[in-house]
Amino acid sequence: MKKIFITIIACLFMLPGHATNYLTNGLTWIVEAYGTQSPYPESDIVQFFLDGYAVVNGRSCSKLWMTRNGDLSTKVLQTFLYEEDGKVFFICDDNDSAGTLMYDFNLSENETTCVGLLPSETDKGQQIKRAYMKCTGRSQMTIGENAFEVMHMEEYADAEYSLSIGKGDWIVGIASEYGICRNGGFGLDGSYSRLVKVTLGDNVIYERETTGVSCPSATGKESSNGKKYKLNGTISTASDNGIYIFNGKKYIKKQ
């Protein structure tokens with residue numbers, strides 16, 4: 001029965017333009033994030049989750065929160081989100097009355113849009129950065145027993161769409177493959193993130209296929225299979241040097 005329920009929820013999320021509100025209270029995105037430039041920092045497991053509602057600039061919005069590595073003391077309100085006809089918007093301040101487009105899950109092949117990038121802590125108060133996105137196609141993806149519709153997105157540096165700077169996928173009704181807040185900025189250097197899991201209560205809506213690398217839950221509990229993994233997903237041995245992942249965090253072993 002539980003498998004049937006998960007499949008139904010996943011199908012509701014993947015329908016572009018469907019009347020179902022994607023922004024359900026309790027929805028949680030688990031993201032692995034780390035740097036890609038030396039010295040390599042340890043990776044963070046970041047949880048983004050919807051908890052509570054608020055009326056902002058006359059709109060009913062969901063509150064998007066963030067915690068790091070399952071530590072609830074790090075809980076920070078990121079932004080306010082609302083959904084309208086298959087599009088997701090965020091609102092950062094009182095001057096942003098209509099909100100800023102974050103995702104448009106209705107795009108067909110070769111259609112374009114301009115989305116806003118959610119400001120980081122250091123960018124808050126500054127002008128919202130923009131990303132010019134083009135849908136280059138749509139396809140189906142199956143993970144376990146669940147099927148998802150995927151939008152293949154290409155990011156451009158200009159409104160004329162003449163200079164491509166990165167590519168990535170949007171999973172319809174869920175988020176980017178890089179996480180809920182990484183809807184664009186695919187060409188950014190020095191950082192990396194990937195969406196690991198999406199849950200709604202006790203039900204897993206989406207889970208990326210991994211090689212056993214685990215991550216802490218939003219309750220702060222952490223699981224592990226006791227193994228170390230290289231970045232290519234293979235098990236790291238005692239003789240291996242370089243970067244490896246253990247318990248969802250990145251480490252470096254030098255000669």
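Me: Where is Asn-69 found, and is Asn-69 buried, partly exposed or exposed?

Reply: Exposure is read from relative accessible area: buried means under 20%, exposed over 50%, and partly exposed in between, with a 1.4 Å probe and protein chains only. Asn-69 has a relative accessible area of 26% and is therefore partly exposed. Asn-69 is found in the loop between strand E3 (59-68) and E4; strands (E, at least two residues) are DSSP runs, numbered from the N terminus. The C-alpha atoms of Asn-69 and Val-31 are separated by 9.9 Å, the two residues being 38 apart along the chain.

Me: On what basis are such values given?

Reply: This is a predicted model, in which local features need pLDDT of at least 70 and side-chain atom pairs count only at pLDDT 80 or more, whereas totals for chains, interfaces and linings use all residues. Residues are numbered from 1 along each chain as its sequence is written, and side-chain values use heavy atoms, with hydrogens and water left out.

Me: Which residue does the side chain of Ser-73 contact?

Reply: A polar contact is a pair of N or O atoms within 3.5 Å; within protein, one must be able to donate a hydrogen and the other to accept it, and residues adjacent in sequence count only if both atoms are side-chain atoms. The side chain of Ser-73 makes such a contact, of 2.6 Å, with that of Asp-71. Ser-73 lies in strand E4 (residues 71-84) and is exposed, at a relative accessible area of 63%.

Me: How many salt bridges does the structure hold?

Reply: Side chains of opposite charge can pair when their charged atoms come close. The criterion is a side-chain nitrogen of Lys or Arg within 4 Å of a carboxyl oxygen of Asp or Glu. The structure holds 5 salt bridges. One of them joins Arg-194 to Glu-32, with the closest N and O atoms 2.9 Å apart. This pair links distant parts of the chain, 162 residues apart: Arg-194 is in strand E12 (residues 192-200) and Glu-32 in strand E1 (residues 27-34). Arg-194 is buried at 16% relative accessible area, and Glu-32 is buried at 2%.

Me: Which residue forms a salt bridge with Lys-197?

Reply: Glu-207 does, the closest N and O atoms being 3.6 Å apart. Glu-207 is partly exposed, with a relative accessible area of 39%, and Lys-197 is partly exposed, with 22%.

Me: In what sense do E2 and E3 pair?

Reply: Strands of a sheet pair through backbone hydrogen bonds, either parallel or antiparallel. Two strands count as paired if DSSP finds at least two bridges between them. Strand E2 (residues 44-56) and E3 pair in the antiparallel sense over 9 bridges. Leu-50 has Leu-64 in E3 as its bridge partner. E2 and E3 form a hairpin with 2 residues between them, and Asn-57 in the turn has a positive phi of about 55 degrees.

Me: What is the order of the open sheet of 5 strands?

Reply: The order is E7-E8-E9-E10-E11, with antiparallel pairing. Strand E7 (112-116) and strand E11 (175-176) are the edge strands, each pairing on one side only. Strand E10 (residues 164-171) is joined to E11 by 2 bridges, and Ile-171 stands opposite Ala-175 in E11.

Conventions. Helix = DSSP H or I, 4+ residues; strand = E, 2+ residues; numbered from the N terminus.
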